[in-house]
Amino acid sequence: MYGDHALKLIQHAKRTQALAHLPHYQTELVRETTREVRDLDKDVSNILAPFQGSFNPSSEPATACSVLVNHLCMRRNKRCLLAYHRVRSDKLEEMCWSGKDVLDQEQQAGRQGNGEGSGMASEVGNQSSLSPEEDEYVRQYGDMLAAYKGQWTDIDLTGSLEPPRDLFIDVRVLRDAGEIQTEYGYACHSLTILCQEWNY
Amino acid sequence: MGSYYDIDAILTDAQKVPCTFDLDMPGLGYLDENAGGDIKAGTRVSLPLWLSTLLAVQRLGPSSQPLCTLDLPASISPRVLAALKAGPKTVDLRQLTSHYYELAARVLELFEEEEIVDVLSETFKERAAEIADHAHNPRGALGEAQDFLRGLDEMERQLFRSAHDSSNAMREWMGETKKKR
């Protein structure tokens, strides 16, 4: 039955919504679904070819019905494909905003999948679970987000929304930065990267 | 209802409804697991909502019949409705179909069945109260309530989850403010 591949995609999307990470891109199912749309489109053109543009639905109800069914199947497949990709891109955007390194994480998830499963998983395990297009999307979205954040240097848009409990926060020193003079007058050694900076 | 991209709306649309074709349809046999064949007038086929509702409202020409007629799906048959009327909390809606209320809402747009609407909204009211009760009581998800909670349809599940999360968030917030003072 037409639309079965698309339904599988949607079931994947439903599962994706509940997961913390992004599962593998269903290249095969997407390809099957688009192929189905192409076949349906070809069928419609074949059915309508003998009428040469002067098709009257009320005189040929049966033909009109099969054209309608084909058309509805195509529309359904389109909706499923779009919804599947939207769920994934929403997830990716969310990851960008929460400051995770999407590409890195996906590669890790891929490796984990490789360790657990066998056969199929080992084939795709080493690749990222994103499609090449999604990869590109994440990169460009990340750039755009960085450019947007760059407009306000004193506010970290992707920072935590939790207010600090104290005026002072603990700082872990990651790299030696030499002498640093703070506004309170004391100098401490090597203070570089603040994990959670609250700007007043 | 759900937007174009709503996964739950799409899943609702995938549920099947019995319908009867009123015309001979050449080449549509694949709908009836008879690929390449024809569909004779009067054949009963189970079609997903996204196909059947549009076929049922489509008229070719001003006076002609619709292409097919819909029947009520088994999940809102009189038998199920009687069970819902007798005890709304004892029916396992999930076993009937995963998106019960949405399916019913979609189908009832096309039927004039005031009584079914009443039964279903009464059912939802009764069950919603029960769900809220279990969601606010942390031990509710264990023990005897387990059977009831397993039988929730997708919408009720979301209701349960948000009620549960909101009571948790509330408790956390109260705890937070207490600590600060």
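**Notebook: chain B, its domains and its cores**

I began with burial in chain B: buried residues make up 28% of its 181 residues. I note here that this is a predicted model.

**Entry: secondary structure.** I counted the elements of chain B next. Chain B has eight helices and three strands. I then read their order along the sequence. The pattern is α-β-β-α-β-α-α-α-α-α-α.

**Entry: domains.** I looked up the domain assignment for chain B. The assignment gives domain 1 as 1-71 and domain 2 as 75-181. I asked how many residues of domain 1 of chain B are in contact with domain 2. I found nine residues of domain 1 in contact with nine residues of domain 2. On the domain 1 side, α1 (7-13) and α2 (49-57) of chain B each supply at least two residues. I sorted that side by class. It has five nonpolar residues, three polar and one charged.

**Entry: the contact with chain A.** I turned to the other chain. I found 22 residues of chain B in contact with 24 residues of chain A. Which elements give two or more residues to the chain B side? They are α1 and α2 of chain B. By class, the side of chain B that touches chain A has 17 nonpolar, four polar and one charged residues.

**Entry: the largest nonpolar core.** I searched for nonpolar cores. The largest has 34 residues. I listed the residues with the most contacts inside it: A:Val69, B:Cys19, B:Leu47, B:Leu51 and B:Ala104. The largest share, six residues, comes from α3(A). As background, nonpolar side chains tend to be buried together in soluble globular proteins.

**Entry: B:Ala104.** I followed one residue of the core. I left aside its neighbours within four places in sequence. B:Ala104 is then in contact with B:Ile76 and B:Leu120.

**Entry: a second core.** I found a second, separate core of 13 residues. A:Ala13, A:Tyr84, B:Ile10 and B:Ala14 are among them.

Definitions and conventions
Residues are numbered from 1 along each chain as its sequence is written. Chains are lettered from A and ligands numbered from 1 in the order in which they are written. This is a predicted model: local features need pLDDT of at least 70, side-chain atom pairs count only at pLDDT 80 or more; totals for chains, interfaces and linings use all residues. Domain bounds come from an automatic or database domain assignment. Two residues are in contact if their C-beta atoms, placed from the backbone, lie within 7 Å. Helices (H or I, at least four residues) and strands (E, at least two) are DSSP runs, numbered from the N terminus. Ala, Val, Leu, Ile, Met, Phe, Trp, Tyr, Cys and Pro count as nonpolar, Asp, Glu, Lys and Arg as charged, and the others, Gly among them, as polar. A residue is buried if 20 or more other C-beta atoms lie within 10 Å of its own, exposed if 12 or fewer, and partly exposed in between; C-beta atoms are placed from the backbone. A nonpolar core is a set of buried Ala, Val, Leu, Ile, Met, Phe, Trp, Tyr and Cys residues joined through C-beta atoms within 7 Å.
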